[in-house]
Amino acid sequence: MPDIVVMFFLLGLLAGLVKSDLTIPKAAYDTLSLLLMLTIGLKGGMALYGNLGWSLVPELAAVAALGALIPLALMPVLRRLVRLSAADSASLAAHYGSVSAGTFAVALAFAEGRGLPIGAEVTLYLVMMELPAIMVAIALYRRYRGAEAGEALSGLWHETLTNRGVILLAGGVVIGAMYGPAQGANVTDLLTGAFHAVLALFLLEMGLTAAETLRPLPWRHWRLLAFALLTPPLLALSGLAVGLALGLPAGSLLILTALAASASYIAAPAAMRTAIPEANIGLAMLAALGLTFPLNVMLGIPLYHQLIGWLAS
């Protein structure tokens with residue numbers, strides 16, 4: 001059976017598709033998303049406690065390079081095959097080069113539940129992939145427009161680096177790495193102990209939102225729908241290849257593979273609204289949250305795990 005947290009996503013998806021009056025107030029959703037990102041950061045920081053070293057630099061550089069290369073590969077596909085405008089192509093490239101904190105949380109819970117070895121630095125993958133992807137996609141769009149490379153760059157950096165997800169993830173990592181599991185136990189134990197419960201409620205809301213995005217299914221965008229379903233497994237292979245080259249343990253390899261296959265629906269939309277106001281964010285949310293996120297959560301992560309096990313054997 002799927003992990004129990006995934007069942008909450010299915011519950012929300014079903015409730016949304018049958019037009020139930022089930023809703024989660026926006027304030028509650030905001031609280032859940034804040035708690036989820038902060039807890040992910042804290043878990044990563046506590047794992048890094050006493051384990052920081054220069055040996056992590058090549059690994060994190062390779063992960064950042066993966067995040068930067070994905071938009072470069074997807075931009076021509078979106079322009080020529082999916083036939084989107086330059087603005088929408090750059091926006092989709094940023095969303096798919098960037099990563100999903102929700103997918104990360106599900107992959108982390110999946111790996112922990114099966115006792116897979118996980119490197120202390122996996123939380124840093126989120127930030128290392130997200131920022132380069134957004135910056136590269138925007139640079140590609142500005143090159144297409146013929147805009148100056150430095151146009152409004154300071155504002156863009158500020159918007160990207162001060163995004164609440166980046167602040168909470170990075171801040172959680174720093175706090176967890178400073179205090180460790182013992183010194184920070186009176187705070188961190190409460191948050192990390194409730195991780196799966198918070199994730200379950202977060203996925204319930206994601207299921208409701210995905211159902212709303214898909215109702216009614218916009219068949220006129222069939223090229224985009226096909227892209228959202230076919231691209232994640234291909235991107236997963238790129239993450240798997242990088243992880244194998246780095247010699248990552250099985251849990252870290254699964255998480256990097258899932259991240260490469262994921263698409264952002266929190267940080268990237270906020271950045272695109274500021275940097276490329278012409279882009280249709282609704283198209284990106286339809287693809288990233290309506291199709292790619294459910295695909296990875298329900299089918300992708302277990303399949304990536306099986307593939308890794310097959311390669312290991």
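Lys19 lies in the loop between helix H1 (4–17) and H2. Helices (H or I, at least four residues) and strands (E, at least two) are DSSP runs, numbered from the N terminus. The model is predicted: local features need pLDDT of at least 70, side-chain atom pairs count only at pLDDT 80 or more, and totals for chains, interfaces and linings use all residues. Residues are numbered from 1 along each chain as its sequence is written, and side-chain values use heavy atoms, with hydrogens and water left out.

**Loops and the chain end**

- Lys19 has a phi near 60°, a positive value in a residue other than glycine.
- Lys19 is exposed, with a relative accessible area of 63%. Buried means under 20% relative accessible area, exposed over 50%, and partly exposed in between (1.4 Å probe, protein chains only).
- Arg83 sits in the loop between helix H3 (56–80) and helix H4 (86–97). Its phi is near 65°, again positive in a residue other than glycine.
- Arg83 is exposed, at 58% relative accessible area.
- Most residues other than glycine have a negative phi.
- Ser313 lies in the segment after H14. Ser313 is exposed, with a relative accessible area of 79%.
- Ser313 and Pro71 are 242 residues apart in sequence. Their C-alpha atoms are 33 Å apart in space.

**Salt bridges**

- The count comes to 2 salt bridges. A salt bridge is a side-chain nitrogen of Lys or Arg within 4 Å of a carboxyl oxygen of Asp or Glu.
- Asp30 and Lys26 form a salt bridge, at 2.9 Å from N to O. They are 4 residues apart in helix H2, so about one helical turn separates them.
- Lys26 is exposed, with 62% relative accessible area.
- Lys43 pairs with Glu112 in a salt bridge, with the closest N and O atoms 3.2 Å apart. Lys43 lies in helix H2 and Glu112 in helix H5 (residues 101–113), so the pair ties together parts that are 69 residues apart in sequence.
- Lys43 is buried, at 19% relative accessible area. Glu112 is partly exposed, at 35%.

**Pocket and cavities**

- The largest pocket holds about 310 Å³ of space. It is lined by 15 residues, and Tyr29, Arg164, Tyr265, Ile266 and Met285 lie nearest its centre.
- Helix H2 (26–48), helix H10 (195–214), helix H13 (267–275) and helix H14 (281–312) each give two or more residues to that lining.
- The pocket lining has 9 nonpolar, 1 polar and 5 charged residues. Ala, Val, Leu, Ile, Met, Phe, Trp, Tyr, Cys and Pro count as nonpolar, Asp, Glu, Lys and Arg as charged, and the others, Gly among them, as polar.
- The structure holds 2 cavities of 30 Å³ or more. The largest cavity has a volume of about 90 Å³.
- Of the 13 residues that line the largest cavity, Val99, Ala101, Glu130, Ile266 and Ala267 are the closest to its centre.
- H8 gives the most to the lining of the largest cavity, with 3 residues.
- On a 1 Å grid over the protein atoms alone, a cavity is a set of points where a 1.4 Å probe fits but cannot get out. A pocket is an open set with protein on both sides within 12 Å along at least five of seven lines, and lining residues have an atom within 4 Å of a point.
- Grid points are joined across faces, edges and corners, and a volume is the space filled by probe spheres set on the points.
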